[in-house]
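Please keep the sequence and the structure open while reading.

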Amino acid sequence: MSESDRTSASTSSTDLPKAYDPAATEPALYADWEAAGLFHAEPDDEGEPFSIVIPPPNVTGSLHVGHALDNTIQDVIIRRERMLGRNAVWIPGTDHAGIATQNVVEKQLAAEGTDRHELGREAFLERVWAFKEEAGGTILRQLRHLGASADWEREVFTFDEGRSRAVREVFVSLHEQGLIYRGNRLINWCPRCNTALSDIEVEHEDTPGELARFRYPLVDDAGDDTGEHLEVATTRAETMLGDTAIAVHPDDERFTALVGRRVRHPFQDRTFPVVADDYVDPEFGSGAVKITPAHDPNDHEIGLRHDLDVIDIMDEHAVLTEVVGERFAGLDRFEARRQVKDELDALGLLVGVDEHLHPVGHCSRCGTVVEPRLSDQWFVSMRPLADKAAQAIRDGRTVFVPENQTKWFLDWLDNLHDWCISRQIWWGHRIPAWYGPDGEVRVSRTDIDEPGWTQDEDVLDTWFSSQLWPFATLGWEGPDTSTPELDTWYPTSTLVTGYDINTFWVSRMLMIGLWFTDEVPFRTVHNHGLVRDEHGKKMSKSFGNVIDPLDLIERYGADATRFALLRSAAPGTDVPLAEEWVEGTKRFANKLWNAGRFALSNLDGIRPGVLPDRDVLALEDRWILSRLQAVHREVDAGYAGYDWPVVARGLYHFLWDELADWYLEAVKVRIYGDDEAAAQVAKQVLANVLDDVLRLLHPLMPFVTEALWRALTGAAGGSASLMAASWPTADTSLADPEAEQAFATVQSLVTETNRFRSQNSIPRSKRFDVAVACETRSLIDAEAALIASLAGLTQVTTIDAVEDRPGTSTIRFAAGSAQVDLTGLIDVAAEVARLRKELDAAQADLARVDGKLANASFVERAPAAVVQAERDKREGVLVAIAELEERIAALESLAG
């Protein structure tokens with residue numbers, strides 16, 4: 001421990017309140033850390049560089065439980081790296097969130113009786129910027145309540161000047177390289193947001209729908225009906241108004257003679273061909289498939305292969321246009337679906353409508369059903385970028401934790417389609433393309449102000465700017481950029497994010513980072529799961545199971561909230577959470593606080609320092625120091641593997657079950673005894689153990705550990721804070737298997753004696769003697785005073801063997817047996833009577849369970865889990881009955 005860590009101050013341990021109050025403690029400590037500059041790093045600071053960039057939350061957002069988990073993990077990592085001596089930076093910021101933010105402001109305008117078009121583009125953007133300035137920092141302020149120690153001096157925004165220059169440079173460079181192009185292609189269209197969407201912005205949900213089956217009339221060469229029909233099926237009947245072919249499989253003999261013939265459209269004056277294509281599944285439906293090239297991606301590909309007509313039947317609002325004919329023009333797509341079926345039925349062409357569960361794409365921003373639509377858009381050619389990224393993953397330059405995400409990620413990269421990056425909204429990075437008076441197109445790094453030239457109205461997909469985040473946050477604005485931050489902290493060290501945005505964001509950062517810097521943007525991707533309720537169910541307002549982390553912090557404190565999230569957050573697995581679990585971790589914080597107060601009230605000013613020589617250490621000292629080294633190794637391995645439950649459970653068990661429940665009780669013998677030298681040894685060991693464990697726990701629970709550590713060390717705060725202290729080093733020389741085994745024997749004897757006391761209703765205040773017979777007689781003799789203190793005994797002696805004699809009872813423990821003289825200790829008759837009542841109740845429970853299980857109707861009809869629960873209950877009752885009968889028999893033998 002460095003001298004700065006041992007700074008003495010006037011703070012006294014007696015100043016600690018009796019109960020830990022997060023509301024009174026956490027804000028003051030956070031303000032002290034921030035004022036001391038402990039969150040800030042400079043490129044020329046000492047230590048090996050380590051960097052994390054925050055996944056930028058939307059400026060529209062407030063802290064939800066997923067943010068709480070993600071940022072808690074990042075904070076745990078960055079706090080430990082600082083304590084390890086790294087030059088560690090955690091860069092915060094927010095995302096301008098194009099569609100989401102524009103939607104919020106448009107709703108505000110609608111409530112005022114206006115809209116963006118009436119306002120005009122410039123005025124609308126001013127309104128959005130005003131909203132951003134007012135509400136955009138909300139979530140970052142809320143992260144402070146969580147304890148997030150981000151470098152707030154380095155806060156950035158995806159739409160600020162520096163990031164905007166980087167975005168334009170990337171767009172223009174990719175265009176110059178032929179990787180960005182404009183084309184008329186089938187894209188995902190949101191009729192509510194009135195914009196194109198990329199594939200990853202579409203959420204597919206299994207939705208109850210229908211499969212409408214209808215027939216097309218076949219015609220002869222003259223165009224006259226032959227009386228023959230071809231049956232097809234569709235989940236979107238309205239799209240038949242844009243059908244331009246029917247496709248069959250080339251090997252399907254049922255249709256061989258029909259390939260090349262034509263069918264008549266029942267509502268329009270046109271015919272179209274029957275074509276053969278390998279895409280068709282002959283086993284689905286009739287084996288014939290209607291083809292609508294303008295409104296289905298697979299149909300579009302078939303259309304290109306067979307040079308089919310392409311008829312776009314809908315406008316940007318998903319309303320049918322005049323191209324479909326007067327009968328259906330002007331109808332909403334869903335109303336058109338109903339009326340098309342009615343008209344087909346009236347013509348005798350509707351075969352039937354079946355219920356059909358199928359995946360339906362929805363806009364990830366507003367939930368509207370997405371419509372495939374042909375449109376002029378800007379695209380990125382992804383194959384060269386994806387191949388380079390995939391190779392970096394295969395070479396191990398970036399690794400996923402857990403590793404099982406790697407295969408899925410590579411499969412996605414290997415099958416990636418071109419990315420539609422233009423959006424028909426106003427809030428965002430405007431596409432740097434200009435159109436001249438004669439149809440020319442120029443893409444430029446600088447604005448074109450020449451007469452007759454107009455800029456593209458569209459903006460870039462939000463993910464286009466956020467993909468630059470790892471290097472743009474460090475000052476990158478072009479290939480020749482060199483900043484101290486970029487040179488020091490890029491590539492970043494670890495990216496922490498949910499597995500659900502590996503495709504949205506992680507893949508794009510990896511591809512663009514490699515393309516423009518020739519470096520992976522991060523060495524490790526740590527994927528955590530999604531936070532769900534205690535039953536594993538997705539949190540949703542409609543389910544009524546949403547947990548607000550800000551409410552948890554207010555009620556139980558940030559430390560309890562963080563610890564509850566981490567103790568279930570194994571890499572890549574979803575994280576269950578219930579409020580009562582947070583309440584439980586608050587009790588853990590109180591347990592730690594009380595343990596710390598006890599220690600501090602008895603240390604008499606002793607600070608953590610050099611441990612006493614081994615030969616003066618008591619058994620319990622050697623045991624706790626050995627256990628500390630074991631948990632230290634366990635915790636370090638958990639930190640290294642991003643296995644937060646291992647870290648949390650290891651520290652929880654050590655602090656609660658070993659330090660508080662055993663060691664603090666054990667040292668009372670010496671602390672309160674007359675041997676001053678022995679007391680000093682106990683106090684020094686206790687101070688050192690508490691110091692180390694507070695450091696190990698600090699990244700998870702920074703506030704309560706900081707408050708206790710300052711009282712323990714006398715540190716005044718500011719730069720002399722626990723978060724600025726060094727990470728403890730495991731000392732393998734303190735590992736002591738012999739002490740652990742010996743103390744385990746003591747624990748077993750004490751535990752079984754306490755169990756005997758409880759079973760026989762002997763109050764703690766009533767002390768008695770035990771005589772112990774075991775192979776470790778010398779151990780029991782040496783630790784007799786300790787055992788007596790821990791078990792509430794008057795005297796512990798050793799004997800050669802336990803004899804079966806009247807008026808005694810035997811306690812069996814791991815290493816032997818202990819005999820207790822029951823004279824005056826137990827009212828045998830009263831105790832037997834009490835146990836017989838318990839036995840009667842247990843036998844009645846058994847009879848009820850047996851009655852249920854003997855009922856064939858119950859066993860056959862009840863859910864399997866319910867039946868199994870009754871069987872498990874029966875086994876438990878049988879064990880209880882056996883124990884009660886054994887205890888009654890033992891007591892009755894005493895009476896005899």
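Two residues are said to be in contact when heavy atoms of theirs lie within 4.5 Å. On that basis, 78% of the contacts in the protein chain with a separation of 6 or more are between residues 24 or more positions apart. The model is a predicted one, in which local features need pLDDT of at least 70 and side-chain atom pairs count only at pLDDT 80 or more, while totals for chains, interfaces and linings use all residues. Residues are numbered from 1 along each chain as its sequence is written, and side-chain values use heavy atoms, with hydrogens and water left out.

**Overall form and surface**

- The protein chain holds 28 helices and 29 strands, where helices (H or I, at least four residues) and strands (E, at least two) are DSSP runs numbered from the N terminus.
- Its radius of gyration is 36 Å, whereas a compact globule of 896 residues would have one near 29 Å; the radius is taken over C-alpha atoms, and the globule rule is 2.2 Å times the number of residues to the power 0.38.
- The C-alpha trace of the protein chain spans about 115 × 75 × 55 Å along its principal axes.
- Of the 896 residues in the protein chain, 55% are buried, a term that means under 20% relative accessible area, with exposed meaning over 50% and partly exposed lying in between (1.4 Å probe, protein chains only).
- The accessible surface of the protein chain amounts to about 38,500 Å², and carbon and sulfur atoms contribute 48% of it; such areas come from the Shrake-Rupley method with a 1.4 Å probe, and for residues only the protein chains shown count as cover.

**Charges and salt bridges**

- The protein chain carries 88 positive and 149 negative side chains, and the centres of the two sets are 5 Å apart; Lys and Arg count as positive and Asp and Glu as negative, without His and the chain ends, and each charge is placed at NZ of Lys, CZ of Arg, CG of Asp or CD of Glu.
- The whole structure contains 64 salt bridges, each defined as a side-chain nitrogen of Lys or Arg within 4 Å of a carboxyl oxygen of Asp or Glu.
- One of them joins Arg305 to Asp277, with the closest N and O atoms 2.9 Å apart. This pair links distant parts of the chain, 28 residues apart, with Arg305 in helix H8 (residues 297-306) and Asp277 in the loop between strand E11 (271-276) and strand E12 (288-291).
- Arg305 counts as partly exposed because its relative accessible area is 48%, whereas Asp277 counts as buried because its relative accessibility is 6%.
- Arg333 and Glu371 also meet in a salt bridge through their side chains, at 2.9 Å from N to O. Here too distant parts of the chain are linked, since Arg333 is in helix H9 (residues 333-346) and Glu371 is in strand E14 (residues 371-380), 38 residues apart.
- Arg333 is buried, at 4% relative accessible area, and Glu371 is likewise buried, at 5%.
- Arg423 and Asp461 form a salt bridge with their closest N and O atoms 3.1 Å apart. Arg423 lies in strand E17 (residues 422-423) and Asp461 in the loop between strand E21 (459-460) and helix H12 (462-466), 38 residues apart, and both residues are buried.
- A network of salt bridges links Glu42, Asp151, Arg154 and Glu485.

**Backbone features**

- Most residues other than glycine have a negative phi, and most peptide bonds are trans.
- The bond joining Val401 and Pro402 is a cis peptide bond with omega of about 10°, and Pro402 lies in the loop between strand E15 (399-401) and helix H11 (405-414).
- The peptide bond from Tyr490 to Pro491 is also cis, with omega near 0°, and Pro491 sits in the loop between helix H14 (484-489) and strand E22 (492-498).
- Asn194, although not a glycine, has a positive phi of about 55°; Asn194 is in the loop between strand E5 (180-190) and strand E6 (195-197) and is buried, at 17% relative accessible area.
- Ser761, not a glycine either, has a positive phi of about 55°; Ser761 is partly exposed, at 45% relative accessible area.

**Helix H23**

- Ser748 belongs to helix H23 (residues 737-759) and is buried, with a relative accessible area of 14%.
- Beyond its neighbours within four places in sequence, Ser748 is in contact with Phe813 and Ala814.
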